[in-house]
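Subject: Structure handover

Hello,

Here is the structure you are taking over. Please open it next to this message and follow along; the findings come after it.

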Amino acid sequence: MHCSSPKMVCETKIVAEDHESISGSKKDAIIVSSSQMWPSLSGSPSSSPASLSGVEGDFKKDNVYIREFHPSEQEVVRRIFYEGIMERIPNTAFRGLKHQPLIQLIYGIFAIICFVVTKSLLLTCCLPIFLMGMRYYFSRKVILSYLECALHTDMSDIENYYMKPPGSCFWVAVLDGNVVGIVAARGNEEDNTMELRRMSVDSNFRGKGIAKALGRKVLEFAMLNNYSSIILGTTAVKVAAHKLYESLGFKHVGIIEHYTLPGMTHSILERMFFQLRYHRYRLQLREE
């Protein structure tokens with residue numbers, strides 16, 4: 001299968017659950033301070049700013065460490081990413097339908113036509129099951145194609161794609177010696193923005209503030225590297241994911257309806273049973 005370039009396929013995917021201050025001129029340039037955006041994870045009063053000169057800026061909270069990716073963790077990182085994206089299949093197929101009023105209307109017309117033609121209440125009642133089955137089939141088909149591309153581009157060589165280029169990085173969250181979360185950042189020197197991407201948390205370790213800690217690490221990295229803003233894009237359906245971004249200070253700046261993923265064929269059946277809404281977020285760190 002032909003895959004688009006890494007820049008095209010590396011859309012941010014986030015599995016969400018439900019600052020350190022910067023000294024000197026960098027702090028003065030920040031529009032929104034971290035203390036204004038984020039309460040303490042434990043709900044306690046904010047602690048004094050920590051030094052940035054620790055062991056590679058690692059974050060610790062309730063035995064959770066946020067540290068840079070090591071090549072030996074490639075497989076577990078790919079597993080967390082894969083499982084997080086696979087959760088999107090039922091969410092996109094079923095929950096996503098509530099954001100598609102036109103498709104709902106078309107499905108309703110199908111039901112009416114089915115009853116008029118067959119005069120069978122049983123067949124008409126079975127039609128929604130068939131339609132939901134088709135939505136699940138096409139959701140799985142498209143998302144698996146996306147995963148194939150992603151796992152053969154940036155997620156196939158994290159070291160070279162994220163760790164070596166300047167202005168980019170990849171972090172893992174470690175709890176009790178196990179990698180339980182991931183996030184990446186990739187800088188764009190042309191417009192001085194940084195993209196947050198590939199955030200995901202193992203489903204067995206959610207509800208511990210890990211996703212928010214990962215997001216804070218990206219913000220800290222962007223500020224230290226003097227980026228003016230952080231952007232992200234997501235097709236997440238769950239409200240919790242969007243609340244997470246907002247809690248980190250991101251502002252919703254637009255939606256792209258009928259978003260296209262690598263591997264989509266744009267056939268009539270695919271358009272009928274698979275739709276995506278792509279949400280764009282931005283966090284302005286300082287004025288240009």
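A place to begin is His-258, which sits in the loop between strand E7 (251-257) and helix H11 (268-273). Please keep in mind that this is a predicted model. His-258 has a positive phi of about 55°, although this residue is not a glycine. His-258 counts as exposed because its relative accessible area is 58%, and the cut-off for exposed is over 50%.

The loop between E7 and H11 also holds His-266. The phi of His-266 is positive too, near 65°, and His-266 is likewise a residue other than glycine. With a relative accessible area of 36%, His-266 is partly exposed.

Now the overall picture. The chain has 288 residues, and 47% of them count as buried. Its secondary structure consists of 11 helices and 8 strands.

Next, the inside. The largest nonpolar core has 74 residues, and the members that touch the most others are Phe-81, Phe-170, Ile-230 and Phe-250. Helix H7 (residues 121-151) gives the most to this core, namely 10 residues.

Which helix supplies the largest share of the nonpolar patch? That is helix H6 (residues 101-118), with 9 residues. Leu-102 is placed in helix H6, and Leu-102 counts as exposed because its relative accessibility is 58%.

On to the charged pairs. The count of salt bridges comes to 8. One of them is between the side chains of Asp-202 and Arg-79, at 3.4 Å from N to O. Asp-202 lies in the loop between E5 and helix H9 (210-224) and Arg-79 in helix H4 (residues 74-86), so this pair ties together parts of the chain that are 123 residues apart in sequence.

Another salt bridge links Glu-257 and Arg-277, whose closest N and O atoms are 3.3 Å apart. Glu-257 is in strand E7 and Arg-277 in strand E8 (residues 277-284), so the pair joins parts that are 20 residues apart in sequence. Glu-257 counts as partly exposed, with 39% relative accessibility. Salt bridges that share partners also join Arg-79, Glu-83 and Asp-202 into one network.

A further salt bridge is formed by the side chains of Glu-195 and Arg-197, at 2.5 Å from N to O. The two side chains are also listed as a polar contact of 2.5 Å. Glu-195 is in strand E5 (residues 193-201). Why does Glu-195 count as buried? Its relative accessibility is 17%, and buried means under 20%. Arg-197 counts as buried as well, at 4%.

Ala-236 lies in the loop between strand E6 (229-234) and helix H10 (239-247). With a relative accessible area of 6%, Ala-236 is buried. Leaving out residues up to four places away in sequence, Ala-236 touches Arg-88, Ala-241, His-242, Tyr-245 and His-279. How far apart are Ala-236 and Arg-277 in sequence and in space? They are 41 residues apart in sequence and 8.3 Å apart in space, taken from C-alpha to C-alpha.

The other residue is Asn-91, in helix H5 (residues 88-93). Asn-91 counts as buried because its relative accessibility is 11%. The side chain of Asn-91 reaches the backbone oxygen of Glu-87 at 3.1 Å. Again leaving out residues up to four places away in sequence, Asn-91 touches Gly-96, Val-237 and Lys-238.

Regards

How values were computed:
Residues numbered from 1 in each chain as written. Predicted model: local features only at pLDDT ≥ 70, side-chain atom pairs only at ≥ 80, totals over all residues. Heavy atoms only, no water. Helix = DSSP H or I, 4+ residues; strand = E, 2+ residues; numbered from the N terminus. Buried < 20%, exposed > 50% of the residue type's maximum accessible area, 1.4 Å probe, protein only. Core = buried A, V, L, I, M, F, W, Y, C linked by side-chain atoms within 4.5 Å. Contact = heavy atoms within 4.5 Å. Polar contact = N/O pair within 3.5 Å; in protein donor to acceptor, adjacent residues only side chain to side chain. Salt bridge = Lys/Arg side-chain N within 4 Å of Asp/Glu carboxyl O.
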